[in-house]
Amino acid sequence: MSNNNTSILHTLGCVYAEVGKTKEAREVLIQSMDELNLDEPDENYWYAFGRIAEQYGERDAALANYARVTKPKTAVELPESTYQLAQIRLRALRGEKK
């Protein structure tokens with residue numbers, strides 16, 4: 001499977017997570033990770049699994065997953081990064097204002 005297909009699967013998994021289809025989200029994300037031969041999630045997958053944890057009401061698991069998303073090495077990558085999304089979710093879960 002090409003990297004483009006795994007990106008599509010990852011996006012689909014994130015969409016499923018957002019709309020509460022957690023079983024489907026997890027299955028698609030695991031399929032994508034398997035295709036990439038990932039032994040453990042990278043920052044993009046940690047974010048997606050954080051969203052799933054939130055859907056289950058697992059606040060601590062979501063916080064832990066979001067905390068594993070690493071900051072981009074360059075500032076230009078930051079505004080549209082998974083890290084930025086994770087920081088938004090961390091603030092929301094902690095009840096912090098922007």
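This is a predicted model: local features need pLDDT of at least 70, side-chain atom pairs count only at pLDDT 80 or more; totals for chains, interfaces and linings use all residues.
Okay, a definition to start: a helix axis here is a line fitted to C-alpha atoms over the stretch in contact, and angles run from 0 to 180 degrees between N-to-C directions. Helices themselves are DSSP runs of H or I with at least four residues, numbered from the N terminus.

Residues are numbered from 1 along each chain as its sequence is written, and side-chain values use heavy atoms, with hydrogens and water left out.

So, which two helices pack at about 170°? They're H3, residues 43-55, and H4, residues 59-67, with axes 8 Å apart. That angle makes H3 roughly antiparallel to H4, the cut-off for that word being over 145 degrees.

Who's touching whom? Contact means heavy atoms within 4.5 Å. From H3 you get Trp-46, Tyr-47, Phe-49, Gly-50, Arg-51, Ala-53 and Glu-54, and they meet Ala-61, Ala-62, Asn-65 and Tyr-66 of H4.

Let's stay on Tyr-66, which sits in H4. Buried or exposed? Buried, with a relative accessible area of 0%; buried is under 20%, exposed is over 50%, and partly exposed is in between, using a 1.4 Å probe and protein chains only. Leaving out residues up to four places away in sequence, Tyr-66 touches Tyr-47, Gly-50, Arg-51, Glu-54, Ala-86, Arg-89, Leu-90 and Leu-93.

That brings us to H5, residues 82-94. Its 13 residues reach 18 Å from first C-alpha to last, close to the 18 Å expected at 1.5 Å a residue; the expected span is 1.5 Å times one less than the number of residues. The buried ones in H5 are Thr-82, Tyr-83, Ala-86, Leu-90 and Leu-93. They cover an arc of only 95° around the axis, so they end up on the same side of H5; the arc is taken from the directions from the axis to the C-beta atoms. And what do these buried residues pack against? H3 and H4.

Last stop, Asn-37, in the loop between H2 (22-35) and H3. Most residues other than glycine have a negative phi. Asn-37, though, has a positive one, near 55°, and is exposed, at 66% relative accessible area.

Definitions and conventions. Angles under 35 degrees count as roughly parallel, over 145 as roughly antiparallel, 65 to 115 as roughly perpendicular and the rest as oblique.
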